[in-house]
Amino acid sequence: MRMSLFKMSLSGAVIILAVLIVRALFINRLPKKTFVILWEIVLVRLLLPFTVPSVFSVYTLANRSISTAVSDKPKAGDLVSATMQALEQPPESTPSVSVWFVIWCVGMILCASFFVTAYLRCRVEFQTALPVSHPYAAKWLQRQTVKRRLSIRQSDKISTPLTYGIWHPVILMPKDTDWENLNLLQYILSHECVHIERFDAIRKLITAAALCVHWFNPFVWMMYFFFNRDIELCCDALVIRQYGEKSKSAYAKSLISMEAKKSGLLPIISNFSINASQERIRAIMTTRKPTPAMVTASCLIVFVTAGLFATSAAASEADNRYDIPAASNSVSIIHESADILYYDNGYPYVHDILTNHTDKTITETQYCMLAYDKNGSPLKLFWNFLDSSAQSSFENIVQSSENLLPTHTEQYRGGWSLYDGEKMTDFPQIGDGGANQAAYILICLKQVTFEDASVWINPDYENWLERYAGKETSTTQLQEYYPHEYQILFPK
């Protein structure tokens with residue numbers, strides 16, 4: 001199911017809240033990698049514009065619960081979908097759409113500029129760093145199995161160790177590093193090497209990208225902060241596993257000895273230090289070797305969290321709403337029919353009839369038209385072949401600004417040209433009526449604007465589009481589609 005940016009951000013906020021709760025309960029009880037995986041699921045939800053419907057989704061469960069509790073009111077699925085779409089899709093005819101889009105673009109550009117500028121500035125400064133020629137550093141590099149070209153440098157621009165670079169990573173050490181303190185050095189270098197082996201720079205870059213896209217969402221800022229923190233905790237746990245549990249105390253002391261300073265919110269730089277030093281030290285001292293029970297619990301939490309919060313309401317339930325008759329006391333708009341007619345010269349057009357059963361005058365409608373041949377196969381059509389810029393498509397959005405009074409039926413709303421791509425012998429003669437000639441037209445309202453400037457957005461539109469667009473449809477279903485009724489829910 002396709003999702004808008006608002007839906008992506010809203011569902012992302014829900015799963016971020018769930019991960020934060022899980023984190024608060026189990027941060028020192030489960031392997032730290034568990035929380036990194038959970039944050040990666042959050043990134044998928046924030047960056048991919050589609051989701052997988054599931055009967056186990058929390059949205060499906062919520063719809064069922066509300067629908068059961070309020071059986072005599074409008075369907076819960078409709079209310080949830082209507083709320084989501086009303087918030088995400090302001091009336092296209094109002095200036096607020098472009099204003100909010102401009103605001104979002106400006107915010108995204110400013111946020112991205114901050115990350116890029118900070119990183120490039122640091123890269124320029126890091127170019128002056130000198131290679132470390134100490135025997136221990138050379139010996140340590142020889143023991144590493146990282147396939148990428150790895151180097152150790154030192155700079156007077158930093159006070160704590162950090163790692164930067166992806167394909168040619170660099171471990172950057174402060175100029176005043178004590179190269180004789182081998183215990184401290186082995187922990188620092190091992191920690192930074194874990195960042196490199198796990199490609200944490202890429203994780204941080206993707207996280208920064210998600211933050212730029214969803215800069216308006218405070219939950220995404222929380223995700224950015226805690227994801228970076230959990231990356232550090234995961235690296236700490238791997239270093240402890242590498243040197244054994246007896247190294248926990250010495251490793252914690254080495255962390256305390258480092259200055260707790262960040263190098264800024266840099267997207268692909270991993271810093272040994274972090275402000276949450278107390279949490280890191282507590283996590284280090286409570287780190288245990290993962291047991292089968294802990295691994296099983298981690299997998300269960302990951303799957304349950306993803307299944308509940310990273311999926312959408314089951315599409316099958318939404319599809320059933322097409323077959324539920326409207327309540328007798330509800331207001332509605334009805335598409336009585338949509339036929340393909342022809343002018344004298346054989347020019348085909350769509351003639352649809354709409355009835356307004358609301359108490360408001362309709363001033364504008366926006367709807368989608370789909371075309372099928374006589375066998376029910378979907379057709380890609382040029383709705384207006386005279387427009388040289390038109391592209392053929394299974395779906396076409398049409399906007400009409402004709403007024404339709406309450407209780408009135410509009411007898412003629414058509415005139416939309418149909419051209420199925422056939423070759424024209426004598427312009428403007430249209431095709432030869434071949435096998436791919438359009439025989440059926442399905443229309444579905446996307447949104448309706450009324451005289452008082454209120455807007456009704458069809459909560460079933462996306463499900464309708466998913467069900468019919470580009471899909472083979474039986475001729476019986478096409479013939480019985482009309483009259484097609486839309487239940488209109490006005491806010492109280």
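Reply: Axes are lines fitted to C-alpha atoms, for helices over the stretch in contact, and angles run from 0 to 180 degrees between N-to-C directions. Helices are DSSP runs of H or I with at least four residues, numbered from the N terminus. This is a predicted model, where local features need pLDDT of at least 70 and side-chain atom pairs count only at pLDDT 80 or more, while totals for chains, interfaces and linings use all residues. Residues are numbered from 1 along each chain as its sequence is written, and side-chain values use heavy atoms, with hydrogens and water left out.

Me: Is α7 parallel, antiparallel, perpendicular or oblique to α9?

Reply: Helix α7 covers residues 182-197, and its axis lies 9 Å from that of α9 at an angle of about 120°. Angles under 35 degrees count as roughly parallel, over 145 as roughly antiparallel, 65 to 115 as roughly perpendicular and the rest as oblique. Therefore α7 against α9 is oblique.

Me: Which residues of α7 meet α9?

Reply: Contact means heavy atoms within 4.5 Å. On the α9 side, the residues include Ile231, Cys235 and Tyr243. On the α7 side they are Gln186, Tyr187, Ser190, His191, Val194 and His195.

Me: How is α8 oriented to α9?

Reply: The axes of α8 (residues 200-213) and α9 (residues 218-243) come within 9 Å and cross at roughly 170°. Therefore α8 against α9 is roughly antiparallel.

Me: What pLDDT does the chain average?

Reply: pLDDT is the predictor's confidence in each residue, from 0 to 100. Over residues 70-97 it stays under 50. At least 70 is scored by 76% of the residues, and the chain average is 78.

Key. Helix = DSSP H or I, 4+ residues; strand = E, 2+ residues; numbered from the N terminus.
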